[in-house]
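Try each task before you read its solution.

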Amino acid sequence: MKNLNFTSFADVPDLQEWIKIAQNFKENPLSHESFGKGKTLGLLFFNPSLRTRLSTQKAAMNLGMNVMIMNVQQDGWTIEMEDGTVMNQNSQEHIKEAAGVISQYCDIIGVRTFASLADKKADYEEKVLQKFIKYALVPVISLESATAHPLQSFADILTIEEFKAKTNLTKKSKVVLSWSPHPKALPQAVPNSFVNWVKNTDSELVIACPKGFELNPEYTKGVSIVHNQEEAFKDADFIYAKNWSSFSDENEIYGKIGQNLEHWIVDEAKMKLTNNAKFMHCLPVRRNVVVADEVIDSQNSVVLEQAHNRVYSAQTVLFNILEQKFGYPMPY
Amino acid sequence: MKNLNFTSFADVPDLQEWIKIAQNFKENPLSHESFGKGKTLGLLFFNPSLRTRLSTQKAAMNLGMNVMIMNVQQDGWTIEMEDGTVMNQNSQEHIKEAAGVISQYCDIIGVRTFASLADKKADYEEKVLQKFIKYALVPVISLESATAHPLQSFADILTIEEFKAKTNLTKKSKVVLSWSPHPKALPQAVPNSFVNWVKNTDSELVIACPKGFELNPEYTKGVSIVHNQEEAFKDADFIYAKNWSSFSDENEIYGKIGQNLEHWIVDEAKMKLTNNAKFMHCLPVRRNVVVADEVIDSQNSVVLEQAHNRVYSAQTVLFNILEQKFGYPMPY
Amino acid sequence: MKNLNFTSFADVPDLQEWIKIAQNFKENPLSHESFGKGKTLGLLFFNPSLRTRLSTQKAAMNLGMNVMIMNVQQDGWTIEMEDGTVMNQNSQEHIKEAAGVISQYCDIIGVRTFASLADKKADYEEKVLQKFIKYALVPVISLESATAHPLQSFADILTIEEFKAKTNLTKKSKVVLSWSPHPKALPQAVPNSFVNWVKNTDSELVIACPKGFELNPEYTKGVSIVHNQEEAFKDADFIYAKNWSSFSDENEIYGKIGQNLEHWIVDEAKMKLTNNAKFMHCLPVRRNVVVADEVIDSQNSVVLEQAHNRVYSAQTVLFNILEQKFGYPMPY
């Protein structure tokens, strides 16, 4: 049987079909309100969450599923990730039992586990997520992992499609992923994912970033990367601002923030270079650091629509797993 | 369209009608068990909560609504309240996005945000609540704000009406709000609200408090204020004990506790001065500080009934918003 | 009317009947999916919980109940347990109001309150649980108390019955409760309960523990206790590993861990002495301290099945209370 996990674009069988399913859910969120009746979604947070927590709950409830939430750190629940350890220190439970036990109570498990930004190899091997998948006995969906945030990217694609349709673009749309300043080091999960999904649409993708902030070439292969932000913005239809820390491992700078790069902020002057582009960001966003008030407060900002579409991206993913796992019509 | 927020007595169109609706819900809590089907209530706590959390959840579930809860502080989610800030410090998200995003997932949002007791002007301007209302895209209900706790006061009114009926009072009932000692400084929200609601009933209201603990005159205008507790208790039908910190801004004492005022405790001797009065408190209560065991443990204590009525005050408020927002019969 | 609390084996009217009910729920979890409609289960955690939290929620949802969860410590809610105290210190609310108020919102309340391991008398008097029961106005179920964990033990019994049937044991089954090493002092609740329940089945029960780690004789009266682990394991059909701290009060060692007892680990060599025994543990478990990887990873390990059966033990208990309290058919 096909692997029913959802952790990256690779788990999407047919993007165009999924976009249609999501658009139908947006039009009628309760069209399948009993589809997941008697089924339980467990949400396991190793890291904080607002949008993902609420939108995924909402998606599950729209399908009639029950939701149970576990906050790993708040509950002081320390999980051993290594095999063969003599567990006489702090870890109370091995990932093998943790994943196995939650699988007894949940039909689908969502897991959020951020990058450490300290160990590039472990991050890019998705150590925690992969261990969890290995030991879980039910499908696992990523609520943002070390290297990817596919529920966000799917919502971003839905937003781009929606506004392409609304603005009757006749040309191929140009999407710019623009690196942004930020006071704290952030993972590369959102931009990695965004690149991965947009590459698989008919949009033209350009990445604008300072030198040294190129993303993992495995993701960006074939994508245009420019270091001149103004040049990138020219004739763009969508500007997606996002900070990420360095991917480079030269001089041990993996996971480090940029210095003296405040001028990479997205402001009105830069937006004027675009083709009246929509402004996108996954949120939360640092105002007047990542983006100027004048841009995020403008008519062209679609950040709340992106947040809204998180419901339908999650609902589509859950629907797909339920459909494949339990067949249709559902037993209840 | 009429503003559908619920943050104070001013948002009650017709108190007598609401009392009837609430009494009906008390008699038959599930009379409208599908009224809110497919609708979601979000509860956002900037401060801790037990009664409000449980009773409002229960009220929503009685109407068939889904409930999602966010604990702002526990999740380490720091929100920027000022406009125009360069957000390069601790705040991760601006109230504008926070309120906007939650509005994407919830049909009604409840917000708890206590007084700072450090900045009287900001507290009485209801800075946080008003910002939230400004940026929310759906109706907002107060789960206790800096200056008011209307869900509590509505439940208090229900309790007074209930016991007035049970005891067949033939005279106009006398309600005494009695300031109480407390080891920690507490906001004025509960007493402000209580005064505001009781003023609008046919009861006689008297406030008993030490000199210097007069509440905001905007609330107490026209209400009898006495500094002799024994005098106030004479012939009272309801004694409502509650501590609050100083409202006065002389010598910068706003938000300060009282000193050497332990004798303001409500004890049996004082209760004997009343007309066999019911004892009320919003809870939680410090026993033998605010009230003597002998009083709160007596037959005349109705504190649990007040807590119980919180369900029906919240259910009435939610019902009213759903009815006005989505019409009747409901779409689902 | 019969006391409807569930805090120990003494609250089970007929174990064989309950086993049948639980087995039916395991076969068809949603057979009574509307039985608890409109009823609310409150779960009150004075201590952390994963399995109990999830499995009890799931059980309630299988019966159509609503669930509300309160984390006492996370919410910084400090409860006064003593009567007559002048509450001018840290405690914000008396257990009397806490239990009384939650009873206004919940039809059944689950309480988790661990042993202090500092005050043997208070622990074995079940001070917190009994206070809660005293002041609650609705049935209370133990989610693990100072001296017992009956929901776990019931699930353990279900697991033993299940595997006895599967393995077609013709002889009386031999169950060994084997003390295990552990780096932290743990309560005696799980082993106390296990002994209490297994004693009331037709299995032969043997307790293996180091000298000084004998459990409370009130529980173990009539049960064989041996200090030679290898001897105990001979011909055993079920090995239940569990650490517990000292019950002895000699030299004030109540609640202390064992020293230099690492060799009490359950390993493959010891399991070879058994009659191909199933390995049991309530989880969470410290691998390679309590049990060697080779044992818990073997085909004979039934720890996940124990966790799974927690749903049906809780569902049976909730069903029984609902049935007795509200009659059948249910009002809704």
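**Exercise 1.** In which segment of chain B is Asn5(B) found?

Step 1. Asn5(B) lies in the segment before helix H1 (15-27) of chain B; helices (H or I, at least four residues) and strands (E, at least two) are DSSP runs, numbered from the N terminus.

A word on conventions: this is a predicted model, in which local features need pLDDT of at least 70 and side-chain atom pairs count only at pLDDT 80 or more, while totals for chains, interfaces and linings use all residues. Residues are numbered from 1 along each chain as its sequence is written, chains are lettered from A and ligands numbered from 1 in the order in which they are written, and side-chain values use heavy atoms, with hydrogens and water left out.

Step 2. Is Asn5(B) buried or exposed? With a relative accessible area of 13%, Asn5(B) is buried (buried means under 20% relative accessible area, exposed over 50%, partly exposed in between, with a 1.4 Å probe and protein chains only).

Step 3. Look for its surroundings. Beyond neighbours within four places in sequence, Asn5(B) is in contact with Asp11(B), Ile133(B), Val138(B), Pro139(B) and Val140(B) (contact means heavy atoms within 4.5 Å). The Asn5(B) side chain reaches the backbone nitrogen of Val140(B) at 2.8 Å.

**Exercise 2.** Explain why strand E8 (residues 204-208) of chain C is largely enclosed by the rest of the structure.

Step 1. Four of the five residues of E8(C) are buried, so the strand is largely enclosed.

Step 2. Find the strands it pairs with (DSSP must find at least two bridges between two strands). Strand E7 (residues 174-179) of chain C pairs with E8(C) in the parallel sense over five bridges, and Val176(C) has Val206(C) as its bridge partner.

Step 3. Strand E9 (residues 224-226) of chain C also pairs with E8(C) in the parallel sense, over three bridges. Here Ile207(C) stands opposite Ile225(C).

**Exercise 3.** Describe how chain C meets chain A.

Step 1. Start with the residues: the contact takes 28 from chain C and 31 from chain A.

Step 2. Together the two chains bury about 2600 Å², 56% of it on carbon and sulfur atoms (buried area is the accessible area, 1.4 Å probe, that two parts lose on being put together, summed over both). Leu54(C), Arg286(C) and Arg287(C) supply 22% of the area that chain C buries against chain A.

Step 3. How many salt bridges are there between chain C and chain A? The count is five, where a salt bridge is a side-chain nitrogen of Lys or Arg within 4 Å of a carboxyl oxygen of Asp or Glu. Among them is Lys37(A) with Glu33(C), the closest N and O atoms being 3.1 Å apart.

Notes. A polar contact is a pair of N or O atoms within 3.5 Å; within protein, one must be able to donate a hydrogen and the other to accept it, and residues adjacent in sequence count only if both atoms are side-chain atoms.
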